[in-house]
Structures are given as structure tokens and as C-alpha cells.
Amino acid sequence: MTTAQEIMTRAPSTVQEDDSVKNVGKILLQTGHHSIPVVSASGYLVGMIGERDLIDANREVHLPTMLTILDGLIPLGGMHEYEEELRKVTAVTAGQLATTKVVTAGPDENTDAVAEKLLRKEVHALPVVDTDGKLLGIITRSDILQHLLKP
């Protein structure tokens with residue numbers, strides 16, 4: 001049984017939580033990655049930023065349609081979506097833009113389970129973290145494919 005730590009990329013490209021959103025975009029373009037881990041100064045995973053997050057951060061915010069009933073405003077659609085949109089467009093740093101509910105893998109996790117997470121959660125990469133949340137590496141869909149195709 002192959003584990004995550006055996007196929008992960010050690011010392012992956014990362015950004016610091018206080019890096020600018022613009023710098024994150026430049027790093028993603030330079031590295032060709034679809035997403036990148038955001039880490040604290042001590043190396044703990046703070047979140048992930050993907051291409052979609054950067055695109056969302058640079059588009060117009062659409063105000064939610066409101067329905068007025070008895071002098072009260074009721075948002076049609078969800079307020080959560082609007083708040084999330086607003087959070088992204090106002091983000092200045094990587095830590096503010098990062099998605100913090102990140103699907104991760106443990107170093108001893110079976111690669112079949114890692115592949116399953118990548119597919120079910122529709123993410124391009126899974127950070128591999130220790131039990132304290134320190135980033136150890138990253139596994140991408142390409143890493144899984146390379147593992148499956150090796151002789």
C-alpha cells in the first residue's frame with residue numbers, strides 16, 4: 001500500500017498569509033499550478049487559493065435582489081453567497097482570500113483514499129499535513145496519475 005508521503009511533492013510552492021493577492025496571482029502564473037497553499041510564518045496550513053478565487057476577487061460584486069415585506073428586507077438567494085463574494089473582492093492578502101475549509105490528507109493516508117478525495121471534492125491538489133496542521137507536502141491529480149502509470 002502506497003501512502004501520501006511516498007508520492008507527495010515535498011516543499012511545495014506556497015504563499016505566506018500576508019502576501020498580496022496580486023503576488024499570489026503572479027506566483028500561480030509562474031508555477032503553472034491551479035492552486036497554492038497559504039501558510040503561516042511557522043509553516044502551518046492557513047488555507048488554499050485557487051485560480052477561481054483569484055478570478056472571483058477581480059470581478060464585480062452583484063448585490064442580492066431584495067424583497068420588501070412589511071418594511072423588512074429579505075434577500076432572495078442567499079446572504080451567505082453575497083458575503084462570500086464580498087469577502088473575496090475586498091481581500092488584500094492571501095490570508096484574507098484563502099479558502100480555510102481545506103480538504104487535506106495525512107502522510108500515512110492510502111493513495112486510493114487521496115485519489116478519492118481529489119475526485120469527490122473536485123480539487124486539483126490536496127495539502128498533506130501532520131496532526132498539528134503543519135504543511136508537509138502536496139499531492140496533485142498529476143501525482144496520482146504518475147503513481148498509477150508507473151511500471
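**Entry 1: Leu 145.** I looked up Leu 145 and recorded it as partly exposed because its relative accessibility is 48%; the class lies between buried, under 20% relative accessible area, and exposed, over 50% (1.4 Å probe, protein chains only). This is a predicted model, in which local features need pLDDT of at least 70, side-chain atom pairs count only at pLDDT 80 or more, and totals for chains, interfaces and linings use all residues. Residues are numbered from 1 along each chain as its sequence is written, and side-chain values use heavy atoms, with hydrogens and water left out.

I located Leu 145 in helix 7 (residues 141-149); helices (H or I, at least four residues) and strands (E, at least two) are DSSP runs numbered from the N terminus.

Entry 2: I followed three strands that form an open sheet with mixed pairing, in the order 2-3-4; two strands pair if DSSP finds at least two bridges between them. I noted strand 2 (15-16) and strand 4 (45-50) as the edge strands, each pairing on one side only. I found that strand 3 (residues 35-39) pairs with strand 4 in the antiparallel sense over five bridges. In this pairing I saw Ser 35 opposite Gly 50 of strand 4.

**Entry 3: The whole protein.** I recorded seven helices and eight strands in the protein. I also noted that buried residues make up 36% of its 151 residues. For contacts (heavy atoms within 4.5 Å), I considered those between residues at least 6 apart in sequence, and 52% of them join residues at least 24 apart.
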